[in-house]
Amino acid sequence: MANLRILADNVADTAALAASSSAGGLVVGNLQDDERAAVWRSVGTSATLTATWSDPQFIDSAVLGWSNLTALATVTVRVFAEVADAAPVAELTTTVDSARPLGEFAWGIAPLVQPSAGEGGVPQSAQVWLPGIALAKKVEIEIADPSNPAGYLQAARLSIGMRHEVTHNPVYGIRLRIVDAAKTSRAESQALRIEQQGTYRALDMDFAYLREADVHFFQSLAARGKRPIFVSVFPDRPDSRRHAYAMFCAPAQQQHESAYQYLATWSQGLSLEEIA
């Protein structure tokens, strides 16, 4: 079973991005923007994204975040040592797990193919975890979702790079909060006024069995400041709703503070708020 994974150094932000198609002003460059409203949208239900670099990058992960992909979508990642190479050094195809558990499906009411964004309002992130690290100057991401009812593909963030997988998962008691940012006030007549500000997810967790490598990694996150990281608490779990709710792009909200528990073992907490 895979442990919690964090993709911190996103080399997609330094890549030259290209897309096989883009709809109007919803261009592929929006995938390098942390603003969720800035999205890339394809023309049709299949597309290929290409990221290239002049210098080689260490890559073992790719994540297409905040997408409208359905449970029937497939995402194939190909990693090439050189930009002009025809044969990839690594390739992996995955499906987007956004289907409801069979026992909870409302037959005759819910659509058979549902975009993951409709599941509790939490968009899905297509994660591709390569089995090993590759040194590459080009990454191709081929997406196919022929049954997507929207008639197009859409995503707001692309993350590519090397992941860190903690030695031991957080202890039981992970706290996932849905925060309503609405502001309320009372008029002189005592009427309640509500200013809608949207909602966002927050995640709090505690690690009790960190090794030295994990502590050094979290120290490096603190040194990065508020730069966003991609976190997946359940990178290989089949429960799609738990999966979707506990993976998102977020800056670390808590300063680094670790405690030496006993021989070669540390503990610390981590708090995250997704980018709104």
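Colleague: Hi! Which strand is leucine 17 found in?
Modeller: Leucine 17 belongs to strand β2, which covers residues 16-19. Keep in mind that this is a predicted model.

Colleague: And what is leucine 17 in contact with, leaving aside its neighbours within four places in sequence?
Modeller: Its contacts are Ala12, Val28, Leu31, Gln32, Thr50, Ala51 and Leu158.

Colleague: How far is leucine 17 from asparagine 30, going by the C-alpha atoms?
Modeller: Those two C-alpha atoms are separated by 9.9 Å, and the residues are 13 apart along the chain.

Colleague: You listed Leu31 as a contact. Which residues have the most contacts inside the largest nonpolar core?
Modeller: Leu31 is one of them, along with Val79, Ile141, Ile143 and Ile160, in a core of 33 residues. At least two residues of this core come from each of β4 (46-67), β5 (74-80), β7 (124-144) and β9 (157-161). The largest share is from β7, with eight residues.

Colleague: Can we zoom in on isoleucine 143? What is it in contact with, beyond its neighbours within four places in sequence?
Modeller: Isoleucine 143 is in contact with Trp40, Thr45, Ser46, Ala47, Leu49, Leu64, Leu69, Thr74, Val75 and Leu153. Apart from the core we were discussing lies another one, of 22 residues, and among them are Ile6, Val166, Phe217 and Leu272.

Colleague: Let's change topic to the open sheet of four strands. What order do they have?
Modeller: The order is β10-β1-β15-β16, and the pairing is antiparallel. Its edge strands, β10 (163-165) and β16 (247-250), each pair on one side only. From one strand to the next, the twist averages 20°.

Colleague: How many bridges does β1 make with β10?
Modeller: Three bridges pair β1, residues 5-7, with β10 in the antiparallel sense. Leucine 7 has arginine 163 of β10 as its bridge partner.

Colleague: Which helix lies across β1, β10 and β15?
Modeller: That is helix α1, residues 212-223, and it runs at about 135° to β10.

Colleague: Now strand β18. Buried or exposed, for most of its residues?
Modeller: Eight of the nine residues in β18 (residues 265-273) are buried, so the strand is largely enclosed by the rest of the structure.

Colleague: Which strand is joined to β18 by seven bridges?
Modeller: Strand β14, residues 199-210, and the two run antiparallel. Within that pairing, leucine 203 has leucine 272 of β18 as its bridge partner.

Colleague: What about β17 and β18?
Modeller: β17 (residues 258-262) pairs with β18 over four bridges, in the antiparallel sense. Tyrosine 260 has tryptophan 266 in β18 as its bridge partner.

Colleague: Which residue takes a positive phi in that hairpin?
Modeller: Alanine 264, with a phi near 55°; the hairpin has two residues between the strands.

Key:
Residues are numbered from 1 along each chain as its sequence is written. This is a predicted model: local features need pLDDT of at least 70, side-chain atom pairs count only at pLDDT 80 or more; totals for chains, interfaces and linings use all residues. Side-chain values use heavy atoms; hydrogens and water are left out. Two strands pair if DSSP finds at least two bridges between them. Axes are lines fitted to C-alpha atoms, for helices over the stretch in contact, and angles run from 0 to 180 degrees between N-to-C directions. Contact means heavy atoms within 4.5 Å. A nonpolar core is a set of buried Ala, Val, Leu, Ile, Met, Phe, Trp, Tyr and Cys residues joined through side-chain atoms within 4.5 Å. Buried means under 20% relative accessible area, exposed over 50%, partly exposed in between (1.4 Å probe, protein chains only).
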